Amino acid sequence: MKRYLQAVTLAVLALRDPRMEPPLLVPGKKMAYHKVNADQRTLGHSQYLDNDDLQATTLELEWDMEKELEEPGFDHFRVDGAIGHHMGNSQNTNVDLEPVQPSVSPKGRFQRLQEDPDYISHYTRRTPKSNRCNFCWLFKLFCTALILFIFGILIGYYAHTKCPATPTPSEPSDPHFYQEILKEIKAENIQQIFRDLIQLPRKEDTDTAVKLQAQWTSSGLEDVQLVNYSVLLDLPGSSSNTVTLKNSGQCFYPSGQTCYKETKKLNSQDLLYSYAAYSAKGTLEAEVIDVQYGSAENLVLVQATTNITNKIALLKLGQSPLLYKLSLLEEAGFGGVLLYVDPCDLPKTGKLSDKAFMVSLNNGGDPSTPGYPSIDGNYRQNRSNLTSLLVQPISALLVKQLILLPGNRHKSDGCSLLKLPVTEKQIVTLNIQTVSTYKTISNVIGYLKGSTFPDRYVIVGSHHSSVDGYSGQEWASSTALTTAFIQALMLKVKRGWRPDRTIVFCSWGGTSFGNIGSYEWAEDLKKVLQRNAVAYVSLHNPVRGNSSLHPVASPSLQQLATERQSFTCLGRAKCLGSNVSSVQMQGDSDYFINHLGVPAVQFSYEDIKTLESPSFLFEALFPTDNTVTEELDPSFSLHETIAKLTGEVTLQIASEPVLPFNALDIALEVQNSLKGDQLDTHQLLAMASRLRDSAELFQSDEMRPANDPKERAPIRVRMLNDVLQGLEKNFIVQQAPPGFYRNILYRLDEKMSQFSVLLEALEHYKLHQSNETLQAALSKVLNSINSAQVYVKAGLDVFETAFAGKK
């Protein structure tokens with residue numbers, strides 16, 4: 001084809017110049033063209049030449065021909081001496097002529113050569129037509145780029161104005177970083193939330209939960225859920241329980257008021273709710289036996305002098321868990337219990353000594369679904385009575401009627417403990433009628449998702465349910481602090497900040513009946529929480545008094561609680577002198593401590609009198625005045641302090657790269673719990689010493705480097721946090737006495753430093769003179785310490801293997 005184009009070109013040149021002779025064939029070269037009839041170059045074939053497909057091939061043909069002209073051998077065409085036919089003779093037709101196909105005919109290429117007046121016969125190359133196309137293409141490209149550039153500027157401008165600016169990251173350990181959030185928690189704001197809550201109609205538990213869900217959602221919390229469970233509650237009947245004295249025939253209500261119809265109408269709520277939920281029901285006539293606080297020593301003395309079978313015990317609340325004391329009385333053979341709080345143990349004797357109260361005999365969760373959640377389809381057991389004893393709480397005023405106290409007897413401290421005279425017998429008829437029914441309780445669960453470890457949960461818990469008229473307004477106090485903390489957090493979140501770990505805000509229902517709401521939710525999510533729950537921060541009843549700050553924390557969090565308390569309470573007299581301890585807490589932290597083994601912390605204000613009184617008086621729910629909360633803290637400054645302490649601890653746990661847990665403090669707590677014990681604890685002390693050695697090595701070799709940002713590898717931090725998160729789980733025993741924590745790191749109260757399970761075993765030994773229970777308790781403690789030591793040692797081995805040569 002290229003040879004053909006060369007021949008055509010020479011023919012055109014010959015037509016332009018008549019003096020030019022036909023070219024000669026160069027030896028070794030074959031002419032690449034044929035004669036073309038004149039009518040093949042006429043305009044009659046313009047339909048072919050105007051075809052768009054042919055236009056697309058024009059430039060290719062131009063380029064091929066121009067390259068062909070440059071090929072070696074083209075200059076061998078000579079003008080003079082040429083032989084052949086004149087190309088202009090259209091009459092001579094070569095039989096070998098190959099027809100020119102439209103598909104290969106260059107549109108206008110040769111026509112332009114003929115019509116161009118400036119054409120030079122020696123062939124000079126003109127500027128290709130494609131240069132103008134290149135210029136157009138470049139111009140279009142420039143315009144497109146300019147439009148995209150302007151469009152990008154507009155997008156960036158509007159995105160910048162609508163999206164919050166990412167805040168400059170601060171070092172999480174910097175106290176000022178948390179203060180930016182906590183400064184938004186103000187006393188007047190808490191007070192306003194509190195007053196709004198107490199004005200809510202409280203017909204059902206769900207009504208309050210729905211209002212609270214809307215409030216948290218309006219504060220900006222992104223995922224707020226209402227979780228309902230149908231559970232078995234033990235409620236008062238249509239009439240109040242009664243206690244009748246056989247000798248005089250007098251009938252009394254639990255408050256000490258005589259059984260008159262008009263009296264029943266005066267305080268129907270107080271009368272009806274003076275009962276023990278989940279007690280046995282029925283009527284029992286028997287002699288009253290004074291067992292004081294129901295300790296093993298008290299029972300040993302009573303059993304030595306009296307037949308106690310099916311008798312009614314007169315029992316003081318306090319010194320040890322109520323469920324434990326009831327289990328001892330039930331085991332001893334008693335048939336009923338009259339339960340009271342001695343006026344000498346009450347912080348405000350004048351206001352509560354003449355009132356009965358409510359208690360729950362439920363150890364936790366829905367009694368009809370023990371150990372599994374109350375969801376549709378699960379089997380429900382008939383467990384409306386959780387004890388065979390008929391238990392009735394009564395006021396101190398009624399106790400005085402029972403023991404026929406002749407007058408006020410005083411000790412040097414101005415108070416005398418009530419005691420039934422040994423010489424006189426008192427027979428009473430105890431009538432208890434309650435109704436067991438299924439009710440819906442609701443939990444409000446709100447999630448603030450973490451940015452780095454969203455699968456790790458820091459749980460902040462309060463409660464919104466209480467028996468009407470009982471426990472005052474402490475439920476609103478608890479909920480107001482949680483809501484104020486959420487509002488302060490969301491202000492920071494709207495500016496682009498998020499905690500590293502997910503914070504889960506929980507408001508529980510059914511707390512007064514045995515922490516039912518928290519148990520059911522945790523049982524429902526047990527597998528998730530076992531893996532993901534990091535810590536539980538409690539806001540249960542934050543202001544119980546106004547004398548002293550009372551922080552309670554698991555050993556892992558004692559150091560953090562102490563540091564935050566010192567920082568927040570600097571210069572405040574009411575914060576000084578308070579110590580952090582690991583004792584059994586009030587409220588819904590129970591499941592998280594005893595079944596999940598997560599570290600827990602709680603701050604509250606108490607009366608000094610309460611702290612000096614026997615423990616476990618909080619198990620009694622007294623009907624209190626609605627103004628008690630505002631009387632204790634009229635300016636809500638104590639509420640603000642608790643909210644900021646709780647908030648800062650929560651933020652540190654949720655935002656520190658390395659969890660602020662202290663493994664060494666657990667080892668020290670174990671050693672302290674074994675000192676001064678009445679038992680032979682040589683093996684236990686040796687095991688505790690090994691645990692301390694491993695904890696010291698773990699803290700110095702692993703935790704300290706990880707706290708340095710320069711040495712903080714993400715995989716190393718995650719492995720380290722996993723060890724810290726699971727350490728307390730090793731101290732959960734399979735079974736514990738009723739009312740005792742299964743997590744043996746927690747003591748009964750601040751006055752006892754030994755392991756509670758060992759103290760209980762000693763009590764049991766005094767009653768039954770059996771060494772079996774004692775040996776079992778020692779084995780539980782030994783296995784827990786050994787398990788923790790192996791756990792920490794395994795963590796050290798993993799680090800040594802995984803990071804060998806990388807230090």
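Which residues have the most contacts inside the largest nonpolar core? The views below get to that, starting with the ground rules. This is a predicted model, where local features need pLDDT of at least 70, side-chain atom pairs count only at pLDDT 80 or more, and totals for chains, interfaces and linings use all residues. Residues are numbered from 1 along each chain as its sequence is written, and side-chain values use heavy atoms, with hydrogens and water left out.

**View 1. The largest nonpolar core.** It has 136 residues, and those with the most contacts inside it are Ile-459, Phe-505, Trp-521, Phe-592, Ile-653 and Ile-785. A nonpolar core here is a set of buried Ala, Val, Leu, Ile, Met, Phe, Trp, Tyr and Cys residues joined through side-chain atoms within 4.5 Å; buried means under 20% relative accessible area, with a 1.4 Å probe and protein chains only. Helix α15 (residues 474-493) gives the most to this core, 11 residues. Helices are DSSP runs of H or I with at least four residues, strands are E runs of at least two, and both are numbered from the N terminus. A second, separate core of 34 residues includes Ala-276, Val-302, Leu-328 and Phe-357.

**View 2. Asn-443 and its surroundings.** Asn-443 sits in strand β11 (residues 434-448) and counts as buried because its relative accessibility is 0%. Its side chain reaches the backbone nitrogen of Gly-509 at 3.1 Å. Leaving aside neighbours within four places in sequence, Asn-443 is in contact (heavy atoms within 4.5 Å) with residues including Tyr-229, His-464, Ser-507 and Trp-521.

**View 3. An open sheet of 7 strands.** The order is β3-β2-β10-β5-β6-β7-β9, with mixed pairing; two strands pair if DSSP finds at least two bridges between them. β3 (251-252) and β9 stand at the edges with a single partner strand each, so one side of each has no neighbour in the sheet.

**View 4. Strand β9 up close.** β7 (residues 336-340) and β9 run parallel, joined by 4 bridges, with Leu-338 opposite Gln-392. In a regular strand, side chains alternate between the two faces of the sheet. In β9 (residues 390-393) both faces are covered: Leu-390 and Gln-392 on one side, Val-391 and Pro-393 on the other, are all buried.

**View 5. Helix α22, mostly covered.** Of the 19 residues in α22, 18 are buried.

Technical notes
Buried means under 20% relative accessible area, exposed over 50%, partly exposed in between (1.4 Å probe, protein chains only). A polar contact is a pair of N or O atoms within 3.5 Å; within protein, one must be able to donate a hydrogen and the other to accept it, and residues adjacent in sequence count only if both atoms are side-chain atoms.
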